[in-house]
Amino acid sequence: SVNPDLASERQTASFSVEKLTTLLDGGVEQTRMRRMVVEAIESDPVFSRENQYFQTQNERYEAAVRKAVHLQKKMHEMGWTENGPEYKYIYRALSGDIAFLLHRIFMRSISVLGSDKQIAKWIPLATQHKLIGSYAQTELGHGTYLQGLETTAVFDAATQEFILNTPKISAMKWWPGDMGRSATHTVVFAQLYIHGKCYGIHPFIVQIRSLQDHSLCPGVTAGDIGPKMNFEHIDNGYLLLKNVRIPRENMLSKFCEVRPDGTYVRQGSQKINYFTMTTVRISLISDEVLTPLMKACTIAIRYSVVRRQSKLKPGEQEAKILDYQTQQEKLLPQLATAYAFHFINDYLQELLNRGYREIQRKNFDMLPELHALSSGFKAVITQHSTAGVEICLRACGGHGYSLLSGLPSLYTKILASCIYEGENTILLLQTARFLIKCFMAVSAGQPVPPSVTYLAAVKPGKCPAKNKVDFLSPDVYTEAYQHVAVRLISSTAAKLQDLIQSGVKKHDAWNHCTVQLVQAAKAHCHYIAVKNFAETVEKLETKAGIQKIMKHLCDLFALHGIFSNTGAFLHDGYTSAAQMDMVTASYLDLLAVIRKDAVPLVDAFDFTDKSLNSALGSYDGQVYQRLYEWAQKSPTNQMSPAYERYLKPLLHNTLSKL
Amino acid sequence: AAAMSVNADLRKERAAATFQPELLTHILDGGPERTRRRKEIEALVLNDPDFQHEDLNFLSRSQRYEQAIRKSSLMVMKLREYGIADPEEIYWFKSFVHRGRPEPLDLHLGMFLPTLLTQATPEQQDRFFMPAWNLEIIGTYAQTEMGHGTHLRGLETTATYDPSTQEFILNSPTVTSIKWWPGGLGKTSNHAIVLAQLYTQGQCKGLHAFIVPIRQLGTHEPLPGITVGDIGPKFGYDEMDNGYLKMDNFRIPRENMLMKYAQVEPDGTYVKPVSDKLTYGTMVFIRSLIVGDSARSLSRACTIAIRYSAVRHQSELKPGEPEPQILDYQTQQYKLFPLLATAYAFHFVGAYIKDTYHRISGDISTGDLTELPELHALTAGLKAFTSWTANAGIEECRMACGGHGYSRCSGIPDIYVTFTPSCTYEGENTVMMLQTARFLMKSYTQVTSGQQVTGMVSYLNDLSRQRIQPQHVAARTVTVRINDPTSLVEAYKSRAARLVESAAKNLQTELNHRRSKEDAWNRTSVDLVRASEAHCHYVIVKLFTAKLAEVSDAAVRTVLTNLCLLYALYGISRNAGDFLQAGILTNAQITQVNQHVKELLAVIRPNAVALVDSFDFHDVHLGSVLGRYDGNVYENMFEWAKKSPLNKTQVHESFHKHLKPMQAKL
């Protein structure tokens, strides 16, 4: 039965939860299919995550391999294919708890970087899992900066082979998933040398383990890099190569080729590579970032209406903690953020699809804008969502700290997203570079891509709001965000120019301005996110209460951003001190309004209890019973040798000299 | 030879420092003699083979518990053998043995024994204290329940007096009343001090403490009527058997109620306690420990991140030149140096609270408790402020180490998971902030009704003066000198005053809407928390600034002054809205502040490594491959990884179980 405190929250929903779920999924058919896939996966005991929180690293790894192998069978049974519409729901249904994710990256890199001949040779082998692939780019001493990689591949014309080497310890490949224990092959990025000349970084297919007995190939040292904050199920690995020879044909040669005589040939445009990076950054947002944030909101908000603490009114029952303004102020902005990012993700996906169509027509004009937006939003979304999950965790007090709440593992998993596929600070600086360039172009009267045309329409002036209700107008707050973005971008551009004109070298000037540049890039993304949310709300259908509640969330998202960064909006007097008090008042009013729909808003995310895997966040709200039952299953409650070995002598006072 | 093996980058950094790190270490320790003694105790532990063990990162939770309990029992024995009795020295010893981690006897030593001393009658002390001192009795302190934490009055466990047998009958009437979280309760303890609602003669007399045996002496099996166990895996605290306890009609003799203050007579008559202000003192003391812990945990994270940033090279700053140390990037400095400054600030705040506490506890015995309410209110907020800041700061340090920070070998994940619960325990932070706010509101009301207030809130007295002289605000604007810490203290003071006043006014507005007091308070609580934060921030800047005058060495004073300025200016930069909105600083001044922050980053850069060396964490205590004193990061990451459990066999068993059959089938 459902806990009455949770049940009562659902009776007063101002909108149709099912309609909102459909909106989030993108249509009735998508919702149906997602539920079907989730049901098929969750009803299969091999995919159970029931004991996950009690397992060791070795057990987690083994389970992930077992699931990956079983998934092949399952897909066959269900008639699902990697290109089918069901595929994208599988990962969500598994909560990512599966091995061989890098195997797909291995295949994708061959498809993108390999010649037709190479694709024909390797892809069928990989598809049938005759081999297991990984992708070895980062090294112990090198991450973001690809040119700095130290692994070498020297061409030996006599044998028509490349000789791969790890010249020093910092050059050891480090971190690649599936490489520590599983992979038989990997794509190694190395500095190519022909006749003593370095041609830069190129990709090579290297076999690292025997296909017969899985032992390491001659010259290869590989293993697991040891325990991490999360991803215990993935064998992130290290790889040391000593005079490992591979045939000339193993260099992936769609764009660059080494001929038998050692001639180096470049062919085609590498721009498509940028597009791949962009695709990867955008594709991780949904599964790796939004899903954990939405799960954390679901757990924390449901728990906050079940948990009662202290009294709000004397003589009454203890209050639900969600009725405290401070608790609302922690959780509801995270909920609004989850919705805002869901819609910005839709926007980015659409942009990406358009970009893809253009590229098919050999038009690469959209690439710089796509690159800037994907970099900036990857950074902003991962950072805010990670912070959001952590807030949810801490908002659950002591019980949030238990692994059984599900929140610690959501947090440790999402926070990795701030680092992989581009470290966030570096990505923001890439966005900033684009913004500065566009600002210069605008100042010179040249055309710029659509997302930055606002830089041309600089309207000096003041925020027109006269009372707190005015701040519920999307025009008012969107313009305030725009103003801040323009101010930060233009002032940083001016600062850069000043430095350069005063004789500072360009790169030094850039480094001097990087703190400001990062702020400018964030302001740009924040503005686009607010604007996109407001425009999305505008287009929603008005029936079933959906538009109304989304408008509230949009307002909250926008005002929360102003409230937590008042300095940026007060600076230069665009917003006055009195107006800032209005923002605060409107913002706090909104918390109380959204509070009423908080539970339906997380119900709409439509996570099953199995997928939440949380003693605090289940749909029925039977928090305490579940916590007690789960705790009893803990291995620490089996008899421990510690008593006989240490406690007994201690208690029986047989330790000397106490 | 030892010097030769230090990474060249770190050697260069240390050679370039403008001050002697040992001198700063002495200041942090409270004098050269304290430093010497700390290192002496450190050596006692580190040179003792009994305290060696495998890297904990490679052990399962049960194994970690086992190691901890092994070390704890040895620790108790050796502390007595060495005659270490000073609380701070015990703390050091324990911290070196357990490398900053909690351990299963924490509550026995830190709560069970002290509670016996303060709340037990002489007869009870005779019965329990010596056995507990000798660890025949191991106890814990069972307060929180599954459904109840911060709000003590809400606890549901009952102790009903039965005069016919002269016993209390203990019960956990609901699932939510099950005792949950007490450390050492799950597997270690055989006794617990249980907080329960006392019922006698049909009436509830509120919460009282009872000594409850929970496990059979000899067999360690739970006693009939007792259900006890471990609450399962957590984010951190792997060494600690946090436990649950459910009691079903469990009877204990009347004499097991701690009766130094309140009493139940044999016939069931309840005797009220005389009021007890001492509990205030205990809370202040524990919170001062948390402030100190915030400083230490953040210092450890900074040490790791800054040393690693000096060793790590990445990308290109100048075309054609080798990859620079990542510590040379402005963005990296901007992430780390304000945190370094914060760690120093918190050290001084922790020391201040501890000193003040000791001074006032002297007063307690002589009966002068006038300062206690303010200190109690202030430490609540400072506990919350410092633990929140450190919590976020540790994560920023980890993020600043990129991918390798995510590996457990960096040590930062462990610091984080061990530290983060301090935002919740000993008073949930938001609740703590609101306690401070309550005091601020009370002080504000006093001032508006014409009374003067004293201590850290005395700036509120100025508010009434300002109303008489409205031009004061404008006059204040131009007087802030951003290079002068004393002047910045004034700026923070104005901000605090403004936010306290604004919260008080908003609270009054809510009350004027004829809302109940509680409702009005709740509807103002976001403002109230902001006011408390501003107050705490002011206190910290003030204490840091005051510390500078005490530093005699000129070189050390210069670096500390720069850190203090960075701390104060960065805080202004990040909260610029507050200073702008109140008219304390102008737009132009904020721009200057932002600029000056960046200049200070460059000024502090050459001393960054020396400043973390001054924290003087031993490598064993630091527990980090990235933060090693010698900077030989990469070699040691490889050595560390080779010990990973997944590497125990060359071919993992999963290959034979799963991979091979799959490949055969396809």
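Student: How far apart do the end C-alpha atoms of residues 141-249 of chain B lie?

Tutor: In this predicted model, UniProt, in an unreviewed entry, places the feature "domain: Acyl-CoA oxidase/dehydrogenase middle" at these residues of chain B. The span is 0% helix and 41% strand, and its end C-alpha atoms are separated by 20 Å.

Student: Is the aromatic pair of Phe343(A) and Phe533(A) stacked, edge-to-face or tilted?

Tutor: A pair counts as stacked when the planes are under 30 degrees apart and as edge-to-face when they are over 60, while the rest count as tilted. For Phe343(A) and Phe533(A) the centres are 5.5 Å apart and the angle between the planes is 50°, so by that rule the pair is tilted.

Student: How many residues apart in sequence are the parts that this pair of Phe343(A) and Phe533(A) ties together?

Tutor: Phe343(A) belongs to helix 9 (residues 325-360) of chain A, whereas Phe533(A) belongs to helix 16 (residues 514-539) of chain A. Phe343(A) is buried at 5% relative accessibility, and Phe533(A) is buried at 0%. The parts that the pair ties together are apart in sequence by 190 residues.

Student: Which kind of pair do the rings of Tyr411(A) and Phe235(B) form?

Tutor: This pair crosses between chains, from helix 12 (residues 407-414) of chain A to the loop between strand 7 (226-230) and strand 8 (243-247) of chain B, and both residues are buried. Because the ring planes stand at 90°, with the centres 6.4 Å apart, the pair is edge-to-face.

Student: Which residue lies over the face of Phe638(B)?

Tutor: A charge sits over a ring only if, among other conditions, NZ of Lys or CZ of Arg is within 6 Å of the ring centre. Here the distance from the ring centre is 4.4 Å, and the residue is Lys642(B).

Terms used. Residues are numbered from 1 along each chain as its sequence is written. Chains are lettered from A and ligands numbered from 1 in the order in which they are written. This is a predicted model: local features need pLDDT of at least 70, side-chain atom pairs count only at pLDDT 80 or more; totals for chains, interfaces and linings use all residues. Side-chain values use heavy atoms; hydrogens and water are left out. UniProt positions are given in the numbering used here, feature names are shortened, and annotations may be inferred rather than shown by experiment. Helices (H or I, at least four residues) and strands (E, at least two) are DSSP runs, numbered from the N terminus. Rings of Phe, Tyr and Trp (its six-membered ring) pair if their centres lie within 6.5 Å; planes under 30 degrees apart count as stacked, over 60 as edge-to-face and the rest as tilted. Buried means under 20% relative accessible area, exposed over 50%, partly exposed in between (1.4 Å probe, protein chains only). A charge sits over a ring if NZ of Lys or CZ of Arg is within 6 Å of the ring centre and within 35 degrees of the ring normal.
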